Structure formats: C-alpha cells, structure tokens
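Biologist: Could you take me through this model and show me how to read its features?

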Amino acid sequence: MTRLRWIWAFALISTPTLAAAQEPTGFTWENETEVSYVSTSGNSSSSTFGLKGMLQGSGDPHEITFEVGGVRASSDVTTFRAVGTAGDFTIAETVRSETTAESYSARGRYDRSFGVGFGFVGGGWDRNTFSGIQNRFQIVGGVGRSFIDSDAGRFKADLGLTYTIQKDVEPAPGADDGFGGWRVSVDAARQLTATSQFQSQMVMNSSFSEPDDVRLDWGNSLSVSINSSLALKSSLQLLWDNVPALLSVPLETVGGFPTGTAVLTPSQKLDSVVTLALVIRL
C-alpha cells in the first residue's frame, strides 16, 4: 500500500494545475467504434469477432478518454464415426465448439495540458487467459510533451510511474502480484491523403522489482474514410512480454502415455493481432 500511495502522490505532484483548473470551454465528445467479424463454414467452421470502442471528450485544457475492446475466436471440431459394416454403414458426427483465442481490455485516462506539456492520470484492466493473464489492473500518473499537433499529424510522448496488480491463471511460485514500475508511451499520427491516415501507438512497461519484466504494446493502423461516419481500418498489434506468464501443460512419458500430472512452462513472448475493421464515428 505504501508504493500505491507514492504513485498517487507522484500523479498529483506532476499535475499541479489540476486543483486550480478552470471550467473547460467548448467541451465536446466523440465516439469511435470498430467492428470486425470473420466466419467460415463447411468442412471446417470457425468465427472471430472483435469489438473496440473509444469515447473521447475534449475542451481546452482538459481531455478525457475511455476505451474498451475485446476479441474472441472459436472453432467447431467435428469428429466422424462410421457405424455398421463395410458394405452397409451410417455416418455419425459429433461437433464440439472450442474457444481458440480470447482477450478483453478497458482503460480510462485524464490529461491536463499546460502549454506544450501535459500531466495525466489513468487506469486500466486487461485479460488474456490464453497468454496466462487472468486479470491485470494498472494505475499510472506522469507527465508528457506534445511535439507536433496539427491537422497534418501529431507526435507526443509521456513518462509515468505505475502500480500493477496481476493475477495469473497459473501463478508463479513466490511471485509478487503487486508491484511498482515505470511506463513510457509514444502516440503518433500522419494524415497521408484527404481520406487516409496512419497511426502508431507504443506503450512500454517495466517493473522496479524485476527490471527484465518488460512489456511492449505496439499498434499500427491505416484507416481510409468512406464518408464522414464510416471508415475501413487495417491494423497490426504486437504484444511482447519478456517475462511471460506460465501455462499448465499435461506431462506425458517418452512413449506418449499421460502421467496424470502437469508442469508449468512460460507462454510465448510475442503475440500478434491483425485486424480489418469497419469504423463507425458518431
């Protein structure tokens, strides 16, 4: 709890003008929703559904952002059996649905600008059981600077202190599920044409207690507007965890016979997500 109070104190000190902030002028809200869906059927059946929403309110010098998102993929595994004789038989099939990928996230952030600089506080939650993360909560506070902010593009970076509570599907023996750390992020965008825009966002986290525990979330996207309310967006997200969560794996003998026990092994360090989505702006 001492580390948690220290982080909140840093967040308040880094944004000294919050207490004296005036009422925002011309405060407006914008909403952007991304929907993606892929389905196959026939000899094999699978479906993938993705949803991401962002609500942003701004009015100089304040900005509030809320984001939620989720991806779920499932497939139907069909098993065939022939019943009868070689010359007279019927086919019986059994269909079993399996979830093959699933991840969810939610976060919020408040920014207060002072010239080209800004202070911010925020918090978030995410879950990715296939990567071994049952629940991960994080609060952050810090300062940043906007280097480019125009109709042609933007480039800003920030640095903050964090406190993270992480609950793994298979907790590592002796691991501390609450720890302080630091975070650096970069947000960039470039208007390529009148109807197309490139965006890149990178967030890197690390732990004070375990410096090798570095996590990177890097997303790049290209969106093409259809009209003022609709756009098509293709994106690539790379998730790197240098100290990944553990997964439970059934143990077999050299001959392939189950032993009835399981062992813990690290999950893969890199996850990648490719998405083609319809963007709805309100």
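Biologist: Which strand gives the most to the lining of the second largest pocket?

Modeller: On a 1 Å grid over the protein atoms alone, a pocket is an open set of points with protein on both sides within 12 Å along at least five of seven lines, and lining residues have an atom within 4 Å of a point. Strands are DSSP runs of at least two residues, numbered from the N terminus. Here strand E7 (residues 153-168) contributes the most, with 3 residues. The model is predicted: local features need pLDDT of at least 70 and side-chain atom pairs pLDDT 80 or more, while totals for chains, interfaces and linings use all residues. Residues are numbered from 1 along each chain as its sequence is written, and side-chain values use heavy atoms, without hydrogens or water.

Biologist: What volume does the second largest pocket have, and which residues are closest to its centre?

Modeller: Its volume, the space filled by probe spheres set on the grid points, is about 480 Å³. Of its 20 lining residues, Gln-166, Asp-168, Ala-172, Ala-175 and Asp-176 are the closest to the centre.

Biologist: How many strands make up the closed barrel?

Modeller: Strands pair if DSSP finds at least two bridges between them. The closed barrel has 12 strands with antiparallel pairing, in the order E1-E2-E3-E4-E5-E6-E7-E8-E9-E10-E11-E14. From one strand to the next, the twist averages 20°. As an example, E5 (residues 117-128) and E6 (residues 133-150) are antiparallel partners over 11 bridges, and Phe-118 faces Gly-144 in E6.

Biologist: Is Ser-185 buried or exposed?

Modeller: Buried means under 20% relative accessible area, with a 1.4 Å probe and protein chains only. Ser-185, in strand E8 (residues 178-191), is buried because its relative accessible area is 6%. Contact means heavy atoms within 4.5 Å; beyond its neighbours within four places in sequence, Ser-185 is in contact with Lys-156, Ala-157, Asp-158, Met-202 and Val-203.

Biologist: Which side chain joins that of Ser-185 in a polar contact?

Modeller: A polar contact is a pair of N or O atoms within 3.5 Å; within protein, one must be able to donate a hydrogen and the other to accept it, and residues adjacent in sequence count only if both atoms are side-chain atoms. The partner is Asp-158, at 2.6 Å.

Biologist: Where is Asn-220 found?

Modeller: Asn-220 lies in strand E10 (residues 214-225) and is buried, at 19%. Its side chain makes a polar contact of 2.7 Å with that of Ser-200.

How values were computed: Helices (H or I, at least four residues) and strands (E, at least two) are DSSP runs, numbered from the N terminus. Buried means under 20% relative accessible area, exposed over 50%, partly exposed in between (1.4 Å probe, protein chains only). Axes are lines fitted to C-alpha atoms, for helices over the stretch in contact, and angles run from 0 to 180 degrees between N-to-C directions. On a 1 Å grid over the protein atoms alone, a cavity is a set of points where a 1.4 Å probe fits but cannot get out, and a pocket is an open set with protein on both sides within 12 Å along at least five of seven lines; lining residues have an atom within 4 Å of a point.
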